[in-house]
Amino acid sequence: MTEIYVIRHVQAEGNLYRMCQGHWDGDVTPIGVCQRDALAERFKDVPVDAVYSSDLYRARFTASAITKYHDLPIITDRRFREINLGPWETKYFGNLRLEGGEEFHNFIFDQPNFHLEGAETYAQVAERAYGALCEVAKKHPGQSLVITSHGVTIRCMLSKVSGFGIRDLTKLPLFMNTGVAKLLYENGSFTIEYLNDYSHLTPPPRKRIITITATGRPGSSPTEIWRASTPTPIFSVPPSTTLPTPRRWPASTVTRPPPASSIWTPSEAAMPATAG
């Protein structure tokens, strides 16, 4: 039986600034670096025999989490790229929501009917990505593989694997950044063991609670208590946190592409978000 871990990329600048990325090859964010580090620790002791990745930088950077502790090359395959969104790429989702009309609605809610001139359809993405998945699975019988890819592409792949409709977000969720799916492949068929597991992003499940008065102001002698709480994934960090700058393991296999043209600057930042 072949084990296949399919992983969505770390937070990239398009996720942070709510930009439509597609094939646009932007950078990762400092939070994306933290997510990559957490992913590396998760897979530190997991046997891995091969690492495949989309050739886009945010996916290759994510694959470097695996190669930190596993001396393996990153094999890139364009078929694992994100959906090509043609004229929409680098545009803000907020603007597309206002300007995109029916096509934007279809892209979000009615994916089989999404047809934008110059862009791929969901069916085209499913065909190329599922074909690559089958090819890779057959090439590594009885081994353990990692594939790093993208949100729409992963949903299209898993729709083919599971038979779930691409519209069904309850059975086929949009993966969080570095969300992991585990697939098993045997005798020409796939089964899904789990989907969108991002437990490696969870900090210790404790938080500080300070009692306040009925007026909503801190009490004169506030009581500080600590209690167990629902873990919160690393989607954002406190303002006081010092974040590392992006770095790569190893330099020989993960390199930064030439900078894109001046598509945006940090001053154009919209509200933070985690998917897009």
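Is Tyr5 buried or exposed in this structure? Tyr5 is buried, with a relative accessible area of 7%, where buried means under 20% relative accessible area, exposed over 50% and partly exposed in between (1.4 Å probe, protein chains only). The model is predicted, so local features need pLDDT of at least 70 and side-chain atom pairs count only at pLDDT 80 or more, while totals for chains, interfaces and linings use all residues. Residues are numbered from 1 along each chain as its sequence is written, and side-chain values use heavy atoms, with hydrogens and water left out.

A pair of aromatic rings is described by the distance of the centres and the angle of the planes. Rings of Phe, Tyr and Trp (its six-membered ring) pair if their centres lie within 6.5 Å; planes under 30 degrees apart count as stacked, over 60 as edge-to-face and the rest as tilted. The whole structure holds 11 aromatic pairs. In one of them, the ring centres of Tyr5 and Phe43 are 5.2 Å apart and the planes stand at 90 degrees, so this pair is edge-to-face. Tyr5 belongs to strand E1 (residues 2-8), and Phe43 to the loop between helix H2 (30-42) and strand E2 (50-53), so the pair ties together parts that are 38 residues apart in sequence. Helices (H or I, at least four residues) and strands (E, at least two) are DSSP runs, numbered from the N terminus. Phe43 is buried, with a relative accessible area of 2%.

Phe107 and Tyr122 form a tilted pair, with 6.0 Å from centre to centre and 55 degrees between the planes. Phe107 lies in helix H5 (residues 101-109) and Tyr122 in helix H6 (residues 122-139), so parts 15 residues apart in sequence are tied together by the pair. Phe107 is buried at a relative accessible area of 7%, and Tyr122 counts as buried at 7% relative accessibility.

A nonpolar core is a set of buried Ala, Val, Leu, Ile, Met, Phe, Trp, Tyr and Cys residues joined through side-chain atoms within 4.5 Å. The largest such core has 40 residues, of which Ile4, Trp88, Phe114, Tyr122, Leu133 and Phe190 touch the most other members. The largest share of this core, 9 residues, comes from H6. Contact means heavy atoms within 4.5 Å. Leaving aside neighbours within four places in sequence, the contacts of Ile4 include Leu133, Ala137, Leu145, Ile147 and Phe190. A second, separate core of 14 residues includes Ala40, Val46, Val51 and Ala65.

In helix H3 (residues 57-67), 11 of the 11 residues are buried, so H3 is largely enclosed by the rest of the structure. Among these buried residues are Tyr57, Arg58, Phe61 and Ile66. The buried residues of H3 pack against E1, H2, E2, strand E3 (74-76) and E4.

An open sheet of 6 strands has the order E3-E2-E4-E1-E5-E6, with mixed pairing; two strands pair if DSSP finds at least two bridges between them. The edge strands, E3 and strand E6 (189-197), each pair on one side only. E2 and E3 pair in the parallel sense over 3 bridges, and Tyr52 has Ile75 in E3 as its bridge partner. H6 lies across E1, E2, E4, E5 and E6, and runs at about 110 degrees to E6. Axes are lines fitted to C-alpha atoms, for helices over the stretch in contact, and angles run from 0 to 180 degrees between N-to-C directions.
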